[in-house]
Amino acid sequence: MDNVSVVRVFFLSGLNETNNYIVTLLTFTLLYYCVIVFFNTAIIMIIILDQHLHEPMYILLCSFCINGLYGSTGFYTKFLFDLFSSSQQISYEGCLLQAFVMYSFACCDLSILAVMAYDRYLAICRPLHYHFVMTKRRLSQLMCFSWLTPFSLFSINVLLTSRLKLCGAKINRLFCVMNPLIYGFKLTKIRNRIVGLVYSSIEFKLQFNRT
């Protein structure tokens, strides 16, 4: 494939076969996104306003809902814009940003669920030590871990990806994810192939979230 590293726009081809159902798809997508925003926002506000819900499990649930808003906004806003547009394209910088949002969302999802599982383990298996172990400081540390670790990792990965030379401008997806993006670059180093395999495993999580 010829080097086209001067290209600054990617073309998303995931909607090419749905042109006859754009209105229906747009209606249900907009409705679904509004439902996601409404229920996640409602849960967040209830937990914030009710002092009785300021417990570790509910705080983690609030964090989980915030991450849901973060991830759904990263996907649905661009997807809805593409449904309105005759050409589904995204800038190089926008593609990297959306890929970062989608992957950090998926990893935050998993890390928050892991912290919630740890909280339930303490509450069920070690009830007498629960309040001693799950202090406000420990909860704050776990929440920072669940958010900052994915953000830091994928900031580095996006930075590495942005240094690669483009090898194509077409992505066969509805949105930008790193796996097809990685293989749209000239891979001259083994570390980039390894990164591609890591992104493949996380893309499975993204696909699982959408089913």
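Helices (H or I, at least four residues) and strands (E, at least two) are DSSP runs, numbered from the N terminus. By that rule, the chain has 7 helices and 3 strands. Along the sequence they follow the pattern β-α-α-β-α-α-α-β-α-α. The model is a predicted one, in which local features need pLDDT of at least 70 and side-chain atom pairs count only at pLDDT 80 or more, while totals for chains, interfaces and linings use all residues. Residues are numbered from 1 along each chain as its sequence is written, and side-chain values use heavy atoms, with hydrogens and water left out.

Two totals describe the chain as a whole. A residue is buried at under 20% relative accessible area, exposed at over 50% and partly exposed in between (1.4 Å probe, protein chains only). Of the 211 residues of the chain, 43% count as buried. Contact means heavy atoms within 4.5 Å. Among contacts in the chain with a separation of 6 or more, 76% join residues 24 or more positions apart.

The next topic is how helices pack. Axes are lines fitted to C-alpha atoms, for helices over the stretch in contact, and angles run from 0 to 180 degrees between N-to-C directions. Angles under 35 degrees count as roughly parallel, over 145 as roughly antiparallel, 65 to 115 as roughly perpendicular and the rest as oblique. A crossing is left-handed if the near helix is turned anticlockwise from the far one by less than a right angle, and right-handed if clockwise. For residue classes, Ala, Val, Leu, Ile, Met, Phe, Trp, Tyr, Cys and Pro count as nonpolar, Asp, Glu, Lys and Arg as charged, and the others, Gly among them, as polar.

Take helix H2 (residues 56–84) and helix H5 (residues 136–162). Their axes come within 11 Å and cross at roughly 20°. That makes H2 roughly parallel to H5. H2 passes H5 in a right-handed crossing. On the H2 side, Pro56, Ile59, Leu60, Ser63, Ile66, Asn67 and Tyr70 meet Leu139, Met143, Trp147 and Phe151 of H5. By class, this contact of H2 with H5 has 9 nonpolar, 2 polar and no charged residues.

The axes of H3 and H5 are 9 Å apart, at an angle of about 150°. H3 and H5 are therefore roughly antiparallel to each other, and their crossing is right-handed. The residues in contact include Phe100, Ser111 and Ile112 of H3 and Arg138, Trp147 and Phe154 of H5. This contact of H3 with H5 divides into 15 nonpolar, 6 polar and 1 charged.

H2 and H3 form a further pair. Their axes come within 9 Å and cross at roughly 165°. H2 and H3 are therefore roughly antiparallel to each other, and H2 passes H3 in a left-handed crossing. The residues of this contact of H2 with H3 are 15 nonpolar, 7 polar and 4 charged.

Leaving aside neighbours within four places in sequence, Ser63 is in contact with Ile112, Met143 and Trp147. Leu53 is found in the loop between helix H1 (22–49) and H2. Leu53 is buried too, with a relative accessible area of 17%. Not counting residues up to four places away in sequence, Leu53 touches Ile46, Ile47, Tyr58 and Ile59.

Thr41 is found in helix H1 and has a relative accessible area of 33%. The C-alpha atoms of Thr41 and Ile66, 25 residues apart along the chain, are separated by 8.0 Å. Ile48, also in helix H1, has a relative accessible area of 44%. Between the C-alpha atoms of Ile48 and Tyr58, 10 residues apart along the chain, the separation is 9.5 Å.

The last topic is the nonpolar core, a set of buried Ala, Val, Leu, Ile, Met, Phe, Trp, Tyr and Cys residues joined through side-chain atoms within 4.5 Å. The largest one has 13 residues, of which Phe10, Ile90, Cys95, Phe100, Phe154 and Cys176 touch the most other members. Apart from it lies another core, of 12 residues, among them Met116, Leu122, Tyr130 and Met134.
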